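Hi everyone, thanks for coming. I'd like to walk you through one model today, so please have a look at the screen and we'll go through it together.

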Amino acid sequence: MEKTSEAFFQDKIDREIRIEPKDWMPEKYRQTLIRQISQHAHSEIIGMLPEGNWITRAPSLRRKAILLAKVQDEAGHGLYLYSAAETLGISRDEMYEQLHSGRAKYSSIFNYPTLSWADIGVIGWLVDGAAIMNQVPLCRSSFGPYARAMVRVCKEESFHQRQGFEILLTLSRGTEAQRSMAQDAINRWWWPSIMMFGPKDDESPNSVQSMKWKIKRFSNDELRQKFIDVTAEQVKVLGFTLPDPNLKWNKARGHYDYGAINWDEFWQVIQGNGPCNKERLEARKKAWEEGEWVRAAASAYTTKKNKRNTTVAA
């Protein structure tokens with residue numbers, strides 16, 4: 001029997017042959033990638049806001065320089081990912097419009113406020129740690145541009161995670177007030193961090209197909225469990241605790257058991273009702289509007305340069 005285009009496509013996926021932009025692909029595969037990659041890009045850009053809030057207030061010049069470099073990295077990650085999504089036939093302006101109109105989502109974690117310097121450490125340790133757990137498998141994504149972009153992203157994220165851990169380690173050796181500040185930040189960010197992996201597997205409508213297409217390699221709950229297992233050991237080194245009385249090693253399972261996640265809170269944040277949803281989106285739209293003159297100037301310069309080069313060539 002002659003194979004259909006979709007059968008050939010799936011056969012390539014099964015044989016670990018990457019799909020490139022000019023290859024035939026099912027429309028649903030293309031749309032799934034656009035949704036995932038653009039949301040990933042939006043998350044990197046929006047994720048600059050809670051940390052950028054602390055650049056001028058970091059406790060030393062060294063801390064300011066490190067945090068500034070980290071925020072610049074996040075901007076770069078967004079650009080890599082927007083570029084990868086553009087290879088699928090969607091324009092960057094269209095992706096921005098989807099974000100600014102609220103039609104496109106970004107990671108729920110970035111709708112929480114950064115109330116103290118310790119929050120910057122916790123974002124590095126927990127939020128970037130969760131991101132790494134999610135993103136390392138994406139280096140083997142079936143879509144070539146996405147997989148290649150993730151290699152550099154993951155290398156840089158590993159430094160971000162270490163930076164956060166080092167901030168918390170320093171605070172753990174400080175005064176009682178500093179230790180208390182760090183523990184408070186951990187208490188506030190722990191549950192939102194484990195919600196980063198998305199809804200439970202039986203409530204994640206796209207996961208099964210994404211795993212069949214090898215866009216994703218692991219389910220939400222598998223990645224969440226792996227993150228909890230790793231973090232429950234790391235927190236012992238810091239001398240702090242995680243705010244979950246049900247967190248306990250289960251020898252029979254070979255994993256940590258953990259308490260119930262507040263899924264009502266998760267869905268409220270996803271639907272735009274989190275602590276900082278409106279603030280984050282308004283800041284992003286304001287930056288876009290105020291940057292219009294820069295985009296116009298760059299476009300005018302490019303037009304002028306191209307016209308001059310054409311004249312010289314003639």
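Predicted model: local features only at pLDDT ≥ 70, side-chain atom pairs only at ≥ 80, totals over all residues.

Residues are numbered from 1 along each chain as its sequence is written, and side-chain values use heavy atoms, with hydrogens and water left out.

Back to Asp244, then. You'll find Asp244 in the loop between helix 10 and strand 1 (248-250); helices (H or I, at least four residues) and strands (E, at least two) are DSSP runs, numbered from the N terminus. What does Asp244 touch, not counting residues up to four places away in sequence? The partners are Trp190, Trp191, Tyr258 and Gly259, with contact meaning heavy atoms within 4.5 Å. Asp229 is 15 residues from Asp244 in sequence, and their C-alpha atoms are 13 Å apart in space.

Leu242 lies in that loop between helix 10 and strand 1 as well. Leu242 counts as buried, at 9% relative accessibility. Leaving out residues up to four places away in sequence, Leu242 touches Trp125, Ile186, Trp190, Thr231, Ala232, Val235 and Leu247. Ala287 is 45 residues from Leu242 along the chain, and 36 Å separates their C-alpha atoms.

Which residues have the most contacts inside the largest nonpolar core? They are Trp125, Trp189, Trp190 and Phe227, in a core of 51 residues. By nonpolar core I mean a set of buried Ala, Val, Leu, Ile, Met, Phe, Trp, Tyr and Cys residues joined through side-chain atoms within 4.5 Å. At least two residues of this core come from each of helix 4 (61-86), helix 6 (117-135), helix 7 (144-172), helix 8 (176-195), helix 10 (220-238) and helix 11 (263-273). Helix 6 supplies the largest share, 11 residues. If you zoom in on Phe227, its contacts beyond four places in sequence are Leu126, Gly129, Ala130, Met133, Trp190, Ser193, Ile194 and Phe197. Another core lies apart from this one, with 27 residues, including Leu88, Leu138, Cys154 and Ile215. As general background, nonpolar side chains tend to be buried together in soluble globular proteins.

Now let's zoom out. The protein chain has 13 helices and 2 strands. Its radius of gyration is 21 Å, close to the 20 Å that the globule rule gives for 314 residues, so the chain is as compact as a globular protein of that length; the radius is taken over C-alpha atoms, and the rule is 2.2 Å times the number of residues to the power 0.38. The C-alpha trace spans about 75 × 60 × 30 Å along its principal axes. Buried residues make up 48% of the 314. Of the contacts between residues at least 6 apart in sequence, 76% join residues at least 24 apart.

Is Pro275 buried or exposed? It counts as exposed, at 54% relative accessibility. Beyond its neighbours within four places in sequence, Pro275 contacts Asn111, Tyr112 and Pro113.

Last stop, the backbone. Most residues other than glycine have a negative phi. Glu16, however, has a positive phi near 60°, and sits in the loop between helix 1 (5-14) and helix 2 (27-46). Glu16 is partly exposed, with a relative accessible area of 45%. Lys214 also has a positive phi, of about 60°, although it is not a glycine. Lys214 is in the loop between helix 9 (207-212) and helix 10, and counts as buried at 18% relative accessibility.

That's my tour, so over to you for questions!

Methods: Buried < 20%, exposed > 50% of the residue type's maximum accessible area, 1.4 Å probe, protein only.
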